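Please read them with the sequence and the model open beside you.

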Amino acid sequence: YVYNFVGENNQPKYWRDIGTRDAYYQANMDLVKPQPEFDLYDRQWPVRTYHEQFPPIKMRGDYSGKEVKEGSITDSIISGGCLIIGAHVKRSVLSSNVRIERNAVVEDSVIMEGVVIGEEARIKNAIIDKEVFIPPHSAIGYDLDLDRKRFDVTTSGIVIVAKKTAISP
């Protein structure tokens, strides 16, 4: 199968080379725009990929206190098996089997499979690779000088946390 690179009126359709980490990040952020140039939901050009079997996405309130704290998901793509507990996800892509604990905030980020984000952790402008545990109260993407000491940071300021990285609390 091929992708039709020319749309209506012979205008070029979406194309992005994802050969760099910044380009990979931007391609993911393109998908979460309210009106993305590349439509994953276009039934005339379906995206075919392998889907491992996970339970459906679950978002629930945080019942640990006297009152229930509700989370939110805005302009994001969330894969199967994700559990979001009273957390906030904005303009992000979550791969399968991600868990985000209470009061955590994930913004403008790509979170890979099997990541656990501890309570009240804050992540923005980041790519978190597979099987990383983000300790409670951590902050990634808020202090790039500190992030450069612990992780890779791209030229455009995207924080890259490598696969299975052990992060100190």
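**Notes on the model**

1. Asn-28 counts as buried, because its relative accessible area is 10%, under the 20% that marks the limit for that class. This is a predicted model, and the remarks below should be read with that in mind. Asn-28 belongs to helix H1, and, once residues up to four places away in sequence are set aside, Asn-28 touches Val-93 and Val-110.

2. As to the overall make-up, the protein has 2 helices and 16 strands. Its C-alpha atoms fill a box of roughly 55 × 35 × 25 Å when the box is taken along the principal axes. The radius of gyration is 17 Å, which agrees with the value near 15 Å that a compact globule of 169 residues would have. Buried residues make up 35% of the 169 residues, and, among contacts with a separation of 6 or more, 30% are accounted for by residues 24 or more positions apart.

3. Which residues touch the most other members of the largest nonpolar core? This core has 25 residues, and the ones in question are Leu-94, Ile-100, Ile-117, Ile-128, Ile-134 and Ile-140. The elements that give two or more residues to this core are strand S12 (126–128) and strand S16 (159–161). As background, nonpolar side chains in soluble globular proteins tend to be buried together.

4. Leu-94 deserves a look of its own in the viewer. Leaving out residues up to four places away in sequence, Leu-94 touches Ile-77, Ile-78, Ser-79, Cys-82, Ile-84, Val-89, Ile-100 and Ile-111.

5. The largest pocket has a volume of about 1200 Å³. It is lined by 35 residues, and those that lie nearest its centre are Leu-31, Leu-40, Val-47, Thr-49 and Ser-79. Helix H1 (21–31), strand S3 (77–78) and strand S6 (93–94) are the elements that give two or more residues to this lining, and the largest share, 4 residues, comes from H1. By class, the lining of the largest pocket has 22 nonpolar, 7 polar and 6 charged residues.

6. For context, most residues other than glycine have a negative phi. Glu-120 is placed in the loop between strand S10 (116–117) and strand S11 (122–124), whereas His-137 is found in the loop between S13 and strand S14 (139–140). Is each of these buried, partly exposed or exposed? Glu-120 counts as partly exposed at 31% relative accessibility, while His-137 counts as exposed because its relative accessibility is 54%.

7. Phe-133 lies in strand S13 (residues 133–134) and, with a relative accessible area of 45%, is partly exposed. Not counting residues up to four places away in sequence, Phe-133 touches Val-116 and Ile-167. Phe-133 and Val-161 are 28 residues apart in sequence, and their C-alpha atoms are 10 Å apart in space.

8. Ala-162 is placed in the segment after S16 and counts as partly exposed at 43% relative accessibility. With residues up to four places away in sequence left out, Ala-162 touches Asp-129 and Val-132. The C-alpha atoms of Ala-162 and Lys-90, which are 72 residues apart along the chain, are separated by 22 Å.

9. Lys-33 has its place in the loop between H1 and strand S1 (58–60), and its relative accessible area of 40% makes it partly exposed. From C-alpha to C-alpha, Lys-33 and Asp-75 are 6.6 Å apart in space, although 42 residues apart in sequence.

Terms used:
Residues are numbered from 1 along each chain as its sequence is written. This is a predicted model: local features need pLDDT of at least 70, side-chain atom pairs count only at pLDDT 80 or more; totals for chains, interfaces and linings use all residues. Side-chain values use heavy atoms; hydrogens and water are left out. On a 1 Å grid over the protein atoms alone, a cavity is a set of points where a 1.4 Å probe fits but cannot get out, and a pocket is an open set with protein on both sides within 12 Å along at least five of seven lines; lining residues have an atom within 4 Å of a point. Grid points are joined across faces, edges and corners, and a volume is the space filled by probe spheres set on the points. Ala, Val, Leu, Ile, Met, Phe, Trp, Tyr, Cys and Pro count as nonpolar, Asp, Glu, Lys and Arg as charged, and the others, Gly among them, as polar. A nonpolar core is a set of buried Ala, Val, Leu, Ile, Met, Phe, Trp, Tyr and Cys residues joined through side-chain atoms within 4.5 Å. Buried means under 20% relative accessible area, exposed over 50%, partly exposed in between (1.4 Å probe, protein chains only). Contact means heavy atoms within 4.5 Å. The radius of gyration is taken over C-alpha atoms; the globule rule is 2.2 Å times the number of residues to the power 0.38.
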